[in-house]
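Take a look at the chain below. The paragraphs that follow walk through its confidence, its cores and its charged pairs.

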Amino acid sequence: MTARLTLARALEHARAALDGGQAMASVAVLHGGSPGAPAPGERLCVWASAHEGTLGNANLDAAAIRIARAALAPGTRPAPHDIEADGIRCTVYVEPHLPPPELVILGAGHVARPLCRLGAMLGFRVIVLDDRPEFATRERFPEADEVRVPDFTDPFRGLKIGGGSYLVLVTRGHKYDFEALRDVLRRPERPAYVGMIGSRRRTRAALESLVREGIDDERLRAVHAPIGLDLRGETPDEIAVSIAAEIVMVRRGGTGQPLRDRERVAERWIRPGE
C-alpha cells in the first residue's frame with residue numbers, strides 16, 4: 001500500500017498523461033457507505049502496471065484498481081462506481097486520462113502541410129518526419145508537436161508506435177513509402193491506421209512484393225492504400241482533407257458513406273408532387 005496521494009500530485013499525473021505520457025485513470029472517493037470508509041477526496045492514480053496512493057485498505061485499493069484499469073480502454077467515460085472490500089463500502093469516481101492520438105506524417109511535402117494543420121485541429125498530437133532539413137522545419141509546420149529529421153533507413157527510430165498511432169506515408173518517393181510500410185508491418189505493434197499514398201499500380205506492386213516477403217495477409221488488408229476517401233481531390237489541400245476524413249472514419253468507426261444515401265430522408269418523407 002502506497003502513501004496518501006495529494007490532489008496536486010494527482011493533477012500532475014493527469015497532466016502528464018494528457019501531454020502524451022502513459023494513460024492513467026484517477027480514482028477519487030465521493031462518499032463512504034460504511035464505518036471505516038475512506039474520507040471523501042481520498043484518491044488513487046492507476047496506470048496499466050502501477051498505481052500511487054491508497055484508500056486505506058489494501059483490498060479496497062485492489063477493487064478500485066481493477067475498475068480503474070478497465071477504464072483505460074478507449075471510449076470509456078468517467079463514471080461513479082460502488083466498491084466494497086472487507087466490509088468497507090464507498091463510492092468512487094473513476095476518470096480516465098488518456099494521451100491524445102498521434103498522427104505521424106512521414107514526408108514533409110505539399111500534402112503534409114495542410115494535413116498537419118487538420119491533424120492538430122482534430123486533436124491529434126502531430127509528428128512530422130522528413131530526411132530533408134530544409135523541408136522538416138518548424139516554420140513550415142507550426143502546428144506540429146514535433147518536427148524531426150530522421151534517416152530514412154530507419155524513419156521511426158525513437159517513436160513509440162502503438163494502438164494510438166495513425167501513420168501517413170507521403171514521402172517524395174514511392175521507394176521511401178514502401179520501405180517505411182515494410183518497416184511498420186514487420187513490427188509486432190499494430191498502429192490504429194496506416195495509409196500510403198500512391199497510384200493503384202504502385203500500390204498493387206508494393207502489396208504484391210510484401211506478400212512475397214511473407215507479410216501477413218491480415219496486416220496487408222489493414223493498410224489504407226491508396227490513401228484517403230474518394231473525394232476526387234486534386235490539390236494538396238483537397239488530398240489532405242480526404243486523408244483526414246479517412247482517419248476520422250477509422251477512429252470513430254464510420255463508414256465513409258454520404259449521410260444522405262444512408263438516411264434517405266428525401267425518399268422516405270418527400271412524396272412526388274408534394
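Is D131 buried, partly exposed or exposed? D131 has a relative accessible area of 24%. Buried would require under 20%, and exposed over 50%, so D131 counts as partly exposed. Its partner is R172: the two side chains form a salt bridge, 2.7 Å from N to O. This pair ties together distant parts of the chain, 41 residues apart. D131 sits in the loop between strand 7 and strand 8 (146–148), and R172 in the loop between strand 9 and helix 4. R172 is partly exposed too, at 41% relative accessibility.

Bear in mind that this is a predicted model. The mean pLDDT of the chain is 93, and 98% of its residues reach 70 or more.

Now go inside. In soluble globular proteins, nonpolar side chains tend to be buried together. The largest nonpolar core here holds 23 residues. F156, L169 and L181 touch the most other members. Several elements each supply at least two residues, among them strand 6 (102–106), strand 9 (165–169) and helix 5 (200–212). Helix 4 gives the largest share, 5 residues. A separate core of 21 residues lies apart from this one, and its members include I105, V126, F141 and A144.

Beyond its neighbours within four places in sequence, L169 contacts L106, F156, D177, A180, L181, V194, G195, M196 and I197.

Return to the charges. Side chains of opposite charge can pair when their charged atoms come close. The model has 21 salt bridges. One joins E213 and R182 at 2.9 Å, N to O. This pair also links distant parts of the chain, 31 residues apart: E213 lies in the loop between helix 5 and helix 6 (217–221), R182 in helix 4. E213 is partly exposed, with a relative accessible area of 33%.

Another salt bridge pairs R262 with E263, at 2.8 Å from N to O. R262 is partly exposed at 44%, and E263 is partly exposed at 32%. Finally, E102, R125, E146 and R148 are linked in a salt-bridge network.

Notes:
Residues are numbered from 1 along each chain as its sequence is written. This is a predicted model: local features need pLDDT of at least 70, side-chain atom pairs count only at pLDDT 80 or more; totals for chains, interfaces and linings use all residues. Side-chain values use heavy atoms; hydrogens and water are left out. A nonpolar core is a set of buried Ala, Val, Leu, Ile, Met, Phe, Trp, Tyr and Cys residues joined through side-chain atoms within 4.5 Å. Buried means under 20% relative accessible area, exposed over 50%, partly exposed in between (1.4 Å probe, protein chains only). Helices (H or I, at least four residues) and strands (E, at least two) are DSSP runs, numbered from the N terminus. Contact means heavy atoms within 4.5 Å. pLDDT is the predictor's confidence in each residue, from 0 to 100. A salt bridge is a side-chain nitrogen of Lys or Arg within 4 Å of a carboxyl oxygen of Asp or Glu.
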